[in-house]
Amino acid sequence: MKKEKKAKPSPWKPGMTVQEMYEARPNLWIWTVLTLVIIAGLVAWSSSAFTGSAGTEMDGWAVAKSILNGIFHPSKELLFSLTKEGVLYLLVETLCIAFLGTLVGAVLAVPFAFLGATNIVPSPIAIFFRTVVMAIRTIPAFVYGLMFIRVTGPGPFAGLLTMSVCSIGMISKMFIESIEDLDPRILESLDASGCTTFQKIRYGIIPQISADFASTLIYRFDMNLRDTTVLGLVGAGGIGAPLVFAMNYYKWNQAGAILIGLIILILIIEWFSNKLRNRLARGI
């Protein structure tokens, strides 16, 4: 018969103070030092893979200084222009793409959410629709943008379709979690009262999930607003493309004007989003 291994005696004993337990702790400084040495070696080894050309650092600092100079000295003509090339129009276009993309994505996400909730439909059906949602989420927004640009051509409509499809994955996942957290006792009481299916949805399901749904949509709108700016790089509308063109042609005053408008827009949206979240969560 194999001999049983004796358990090591614990260094802590009943009645010990916190100070005594701290002093009696196992001394693992050797392993700590060895771990730090291994991490430092890996970092040093991986840094050898980075290569750069002469003058890269200087050029980088020059570009950073130019961007800061453009922010502090923006192009007033572009910043206050009311034409289609002005910052105000581009910001409104970006805002509309993000808002409508969130709205369309939310409408399309609702059936996926209910069909993917295990407390609403049988498990095989829920697993199938969850797999579809997962597949939608795995494709990056840039790929969707390039796909829709090939179909509709460059412009805001391609950005709208991209934001809509990208929103389906995340919104569906959050909606599914909210639906599965429903209190079944409310539905059982409505069922016992003889309520119809529509009445159960109206008075039992919607009041429970409306706050969570609204919070999810606000959060996704914040994300879409930032993603729409990036999608402008591939020509899917918004303010991203003019920003890239201005920086590529070293028009730092125009780039600064666009960045100022973008920063102001994001700060305003962030303030409104926080107010709405607080109202939904705590009623303030």
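Cys96 is partly exposed, at 39% relative accessibility; that class lies between buried (under 20% relative accessible area) and exposed (over 50%), with a 1.4 Å probe and protein chains only. Cys166 is buried at 15%. The structure holds 0 disulfides, a disulfide being a pair of cysteine sulfur atoms within 2.5 Å.

This is a predicted model: local features need pLDDT of at least 70, side-chain atom pairs count only at pLDDT 80 or more, and totals for chains, interfaces and linings use all residues. Residues are numbered from 1 along each chain as its sequence is written, and side-chain values use heavy atoms, with hydrogens and water left out.

**Aromatic pairs**

- The structure holds 5 aromatic pairs. Rings of Phe, Tyr and Trp (its six-membered ring) pair if their centres lie within 6.5 Å; planes under 30 degrees apart count as stacked, over 60 as edge-to-face and the rest as tilted.
- Phe112 and Phe129 are edge-to-face, because their ring centres are 6.2 Å apart and their planes stand at 70°.
- This pair links distant parts of the chain, 17 residues apart: Phe112 is in helix α5 (residues 87–115) and Phe129 in helix α6 (residues 123–138). Helices are DSSP runs (H or I, at least four residues), numbered from the N terminus.
- Phe128 and Phe129 also pair edge-to-face, at 5.3 Å centre to centre and 85° between the planes.
- Phe112, Phe128 and Phe129 form one aromatic cluster. Phe128 is exposed, at 51% relative accessibility.

- Helix α8 (residues 156–180) has 25 residues; at 1.5 Å a residue it should span 36 Å, and its end C-alpha atoms are 36 Å apart, which agrees. The expected span is 1.5 Å times one less than the number of residues.
- A kink of about 30° in α8 is centred on Ile168. The bend is the angle between axes fitted to the seven residues ending at a residue and the seven starting there.
- Thr216 sits in helix α10 (residues 197–231). Thr216 is buried, at 7% relative accessibility.
- Leaving out residues up to four places away in sequence, Thr216 touches Ile171, Met174 and Phe175; contact means heavy atoms within 4.5 Å.

**Nonpolar cores**

- The largest nonpolar core has 18 residues; Val87, Leu91, Ile239 and Ile258 have the most contacts inside it. Such a core is a set of buried Ala, Val, Leu, Ile, Met, Phe, Trp, Tyr and Cys residues joined through side-chain atoms within 4.5 Å.
- α4 (76–79), α5, α10, α11 (240–248) and α12 (252–282) each supply at least two residues of this core. α12 gives the most, with 7 residues.
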